[in-house]
Amino acid sequence: MTAPAATGSGREHLSPEEFVRDGRIVLEWLARYWSRIEDYPVLSRVHPGEIRSRLPKDPPEAGEPFDQVMRDLDRIVLPGLTHWQSPSFFAFFPSNSSGPSVLGELLAAGLGVQGMLWATSPACTELETHVLDWLADLLELPPEFRSDGPGGGVIQDTASSATLTALLAARERATGFESNRVGVRAPLVAYGSEETHSSLLKAVRIAGLGSDHLRSIPVDPKTRAARPEAFSALVGEDLAAGRIPCFVAVTLGTTSTGAFDPLEEIGRIAREHGIWVHVDAAMSGTAFLCPEFRHLQAGVETVDSYCFNPHKWMFTNFDCDAFWVRDRRALVETLSVTPEYLKNRASEAGAVIDYRDWHIPLGRRFRALKLWLVLRHYGAEGLRRHIRAHVALGQEFLRYVEEADDFEVLTPAPLNHVTFRYRRPGADQDDLNLRLLHTLNASGRLYLTHTRLPAGIALRMVVAQTSTTRVHVQGAWREITRTARSLE
């Protein structure tokens with residue numbers, strides 16, 4: 001039987017020659033973009049709905065030439081971008097990238113493998129396992145976190161997913177793996193400080209513990225770090241009331257102020273009560289590649305799970321969260337579901353890792369490729385050199401603030417995250433600093449974000465973008481002081 005002939009004017013797939021031609025255009029466009037990124041306002045200036053108003057109402061019926069798409073990228077998309085790769089991006093935490101990382105992402109996209117099982121692409125699994133072992137050694141994590149120990153590492157998309165995954169495993173461990181079968185019936189309690197990332201609240205909702213069973217550990221008013229004695233008191237109250245403490249999130253470098261919870265003390269208390277200890281070191285974990293900063297994670301031997309985001313400060317493009325567990329059995333027993341169509345000899349023999357059992361989704365991309373390329377391009381010492389340079393710049397900015405009579409530092413800044421504000425006698429300090437923030441960001445010359453502390457509104461300066469140098473930090477300080485002192 002003859003197949004029906006194709007109809008219509010739809011375009012054919014790209015030939016290898018056409019792919020190389022168009023791919024060269026994309027690479028050259030990106031190279032020009034990176035070289036000119038400082039020419040663009042860091043924060044996009046478009047209004048809500050403006051980008052959509054420039055797009056056709058209906059999708060194209062016929063295929064369009066690639067050069068036309070690239071023209072619209074410049075005309076429509078580029079004005080609507082906030083330039084996260086700008087060296088003057090000091091907001092939130094960075095979402096870093098680099099040439100090796102982008103090329104690794106391109107290779108992963110081109111290969112298009114589905115790494116849900118070892119059998120579906122053995123290299124996808126084994127490269128990831130090996131790279132996570134490399135990283136565990138570079139961070140000096142306990143040997144139990146390596147794949148040749150009882151635990152191991154896996155790449156999650158974000159720290160939010162890592163927190164949820166860890167909480168689910170903690171939930172099952174605390175209930176004897178009954179909650180998966182009958183639902184959450186036990187009165188389980190989780191803990192995090194006042195500064196813990198909001199993803200923990202989302203996780204307790206998704207995991208079925210409920211928002212009312214998330215305890216907020218009071219923080220030290222000066223350091224913004226969780227108070228161990230307050231954590232111990234909360235645990236005692238919950239035990240006395242018949243509740244089951246099952247999970248505590250310890251943040252090493254909070255989003256709000258860069259605070260470091262006292263892991264050693266909290267970990268010791270948690271271990272006494274069988275509470276799962278999870279470390280969220282989302283951005284600051286990258287600093288622990290450097291031996292001189294590892295004192296900030298003292299107590300890591302008490303931890304059940306640990307994560308940080310190479311996509312924040314390790315020059316690896318989003319998304320890439322490195323997540324380890326001390327005992328992988330708890331994770332696998334919590335998340336493993338094996339329908340007939342996923343069964344295979346290698347898995348059933350127990351000879352391989354199937355990462356589908358280590359996180360929420362079944363499907364998974366080949367994220368290890370970009371991490372592998374980054375590690376091989378920079379090497380451990382190259383990464384340390386760049387990290388040390390950023391920390392030194394953060395400390396230089398800290399000194400600028402400390403030496404200015406009309407500015408003040410509001411929280412400790414051991415690394416590259418400085419929380420500060422402008423002061424003017426007789427003024428509403430919150431209004432003053434919000435006006436300063438808005439004016440700075442509207443200028444397009446830099447991008448900062450803010451937080452709210454007991455003392456009031458504070459500005460956040462995070463020095464961690466891939467291409468940021470001393471010139472950009474000095475320029476930011478000049479812009480901040482000039483703008484602040486010109487406000488009426």
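Buried means a relative accessible area under 20%, exposed means over 50%, and partly exposed lies in between (1.4 Å probe, protein chains only). The views below come from a predicted model, in which local features need pLDDT of at least 70, side-chain atom pairs count only at pLDDT 80 or more, and totals for chains, interfaces and linings use all residues. Residues are numbered from 1 along each chain as its sequence is written, and side-chain values use heavy atoms, with hydrogens and water left out.

**View A. A buried pair, E172 and R171, meets in a salt bridge.** A salt bridge here is a side-chain nitrogen of Lys or Arg within 4 Å of a carboxyl oxygen of Asp or Glu. For E172 and R171 the N to O distance is 2.8 Å. E172 counts as buried because its relative accessibility is 0%, and R171 is buried as well, at 9%. Across the whole structure, a search finds 37 salt bridges.

**View B. D72 and R75 pair up within helix 3.** Their closest N and O atoms are 3.2 Å apart. Both residues lie in helix 3 (residues 66-77), three residues apart, about one turn of the helix. Helices (H or I, at least four residues) and strands (E, at least two) are DSSP runs, numbered from the N terminus. D72 is partly exposed at 28% relative accessibility, and R75 is partly exposed at 47%.

**View C. R452 forms a salt bridge with D430.** Here the closest N and O atoms are 3.3 Å apart. The pair links distant parts of the chain, with R452 in strand 10 (residues 449-453) and D430 in helix 15 (residues 429-443), 22 residues apart. R452 counts as exposed, at 55% relative accessibility, while D430 is partly exposed at 23%.

**View D. Salt bridges link E105, D319, R365, R367 and K370 in a network.**

**View E. The largest pocket holds about 460 Å³ of space.** Of its 17 lining residues, L30, Y33, W34, Q85 and S97 are the closest to the centre. A pocket is an open set of points on a 1 Å grid over the protein atoms alone, where a 1.4 Å probe fits, with protein on both sides within 12 Å along at least five of seven lines; lining residues have an atom within 4 Å of a point. The volume is the space filled by probe spheres set on the points, which are joined across faces, edges and corners. Helix 1 (16-36) gives the largest share of the lining, four residues.
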